[in-house]
Amino acid sequence: MPERSTLNPRSPATDFSVALLNEFVRLGVRDLVLCPGARSQALALAAAELERVGSIRLHVRTDERSAGFLSVGLALETGLPALVVVTSGTAVANLHPAVLEAHHAGVPMILLTADRPAELRGIRSNQTTVQAGLFGVATRLCLDVPAPVGEPDEATIAVALARQAMDAATGVVNAAPGPAQLNLAFREPLSAAVPVGLPMIPAGAAAEPAAGPDALPDGPAMLLAPGPRTVVVAGDGAGPAAEELAHAGGWPLLAEVSSGARFGPNLIVHYRELLAAVDLGGEVERVIVFGHPTLSREIPALIARDGVETIVVAPTGLEWYNPGHAARAFTRSVGADAACTAVARTPAGREWLGRWLRTSRALAEAAAGEGRVPIDKRGITRAELAVLRAPLTRALLVDAVWRASWPHDRLVLGASRLIREADKRVPGKKITVRANRGLAGIDGTIATALGVALASQAEPEPRSAGVTRALLGDLTFLHDVGSLLLAPGEAEPRLQVIVGVDGGGSIFDGLEVAATAPAEAMERVLYTPRKVDLKSLAAAYGWDYEFAATRADLERALTGAPTRPTILEVPLLR
């Protein structure tokens, strides 16, 4: 029987796919996430060749939802979009949760969704639905691209489409990074050998990185004058600019744990309690907000209070953070004027910040008495030994994970009660913390952590020489358990997934419903506990497994850095 390449020596689908992916490589894309499928086979085979010559890092997944969130993690770490290649039908729909997260979090993503040609649509062809526009307003760009037929200008068209998608995804067009979709129709023959006339870009070829939103011309920064009693709020993704402004103005810094600003001399760890105090939170007159605050009710309540002026700072984005529609001003950049920084150095200027710092430190010292005994202390007493052997609590777990993490590590926090526990208590430390807080869902946390780990540890110049730790609750873990399935032959990250097992959705303990719902109903429809043998589950997916029932166990597990993917199970008192 003749080989397929003899029967179909050329395929417009392959020619177009090679030209398209080559241009993405030239534009700086280095990661491609792929799910198998027949309609997308030309893209898949072109990607395999790009991987062979060292031009991209290829990540193959069987589940599109996992693939989508893997691309989120890759982009969170690198700042560049990963390409996501899927076939037609429900494969595209399964990307929707990740697309929504990327849309609301401003994470760049490029979707290459294969589709049937025009003549096969609307006639109930197998695996055919309306894919163009499926994600609605969540995409920065959505183009329904007709099937290539082999015309001479199709390579030029592919190049233009890649540049258009890259500009949209990285925020060059509208200063709003996010998802872009190229819905690519393909006719048979769906693939052929890579044509000699369209060589793959070899490793080390010159790239033309896409310009990010910082390249856009911005107006002058809003300058803040001294006067009002001010606090700086740093929500998720705020970055170091929030800490810099707080330091320049001499103002308290209320920074969430995934803000990227939870460090510095102005940090107020116990900001929730202080916002409730009449002599501190009650005296706030101005709030400067960076990022997306999601972890407390106190921040939105402060902004909505009469007499409080709120200024929201967002370098990029389509939407502005504006709880209760109470914000007074919105700006892309902000700074403290010379008079403001001068006042911050005076005794009167230091008084406002000093009251916050002293009170927060007192609360921190009171909270530090929860059995903090160094496990290497000599001559340990019976009382100290009892502490090391006592059951673990959420507070002890987040404290231990925070202490074990350093600037060369990465920490990914799931949308569990544990991220709120960490936000309430962990001290300042300049480490990289990631979290899916765009929509704050539990979807895809393991996949996101895998993306962060793979991107941060990628050779030849890894961003992280340490470990990526993902801290999440049992339901968040089980919701994304399919992401544990890794592709054979691909790089294994140094990833430790730490699962706090507390019997389900304990986050409902802190909501009003806990005071009114019957106990049995709470257990059945809100906590929804699940009993799963995590050790067997880890073995089934080929992950290493550890169990920590006491603080001594936990300290040992966190001190010994894993060399491959590991699940650490930690039973917690509810």
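Two strands count as paired if DSSP finds at least two bridges between them. In this predicted model, strand E10 (residues 286-290) and strand E11 (residues 309-313) pair over five bridges, running in the parallel sense. Within that pairing, Val289 sits opposite Val312 in E11.

Zooming out, E10 and E11 belong to an open sheet of five strands, laid out in the order E9-E8-E10-E11-E12 with parallel pairing. The edges go to strand E9 (253-255) and strand E12 (329-331); each has a single partner strand, so one side of each is left with no neighbour in the sheet. Going from one strand to the next, the twist averages 20°.

Turning to the helices, helix H2 (residues 12-26) packs against helix H7 (residues 154-170) at an angle of about 40°, and their axes lie 8 Å apart. That angle makes H2 oblique to H7, and the crossing of H2 past H7 is right-handed.

As for who touches whom, H2 brings Pro12, Phe16, Ala19, Leu20, Glu23 and Phe24 to the contact. Sorted by class, the contact of H2 with H7 comes to 12 nonpolar and three charged residues, with no polar ones.

Key: Residues are numbered from 1 along each chain as its sequence is written. This is a predicted model: local features need pLDDT of at least 70, side-chain atom pairs count only at pLDDT 80 or more; totals for chains, interfaces and linings use all residues. Side-chain values use heavy atoms; hydrogens and water are left out. Axes are lines fitted to C-alpha atoms, for helices over the stretch in contact, and angles run from 0 to 180 degrees between N-to-C directions. Helices (H or I, at least four residues) and strands (E, at least two) are DSSP runs, numbered from the N terminus. Angles under 35 degrees count as roughly parallel, over 145 as roughly antiparallel, 65 to 115 as roughly perpendicular and the rest as oblique. A crossing is left-handed if the near helix is turned anticlockwise from the far one by less than a right angle, and right-handed if clockwise. Contact means heavy atoms within 4.5 Å. Ala, Val, Leu, Ile, Met, Phe, Trp, Tyr, Cys and Pro count as nonpolar, Asp, Glu, Lys and Arg as charged, and the others, Gly among them, as polar.
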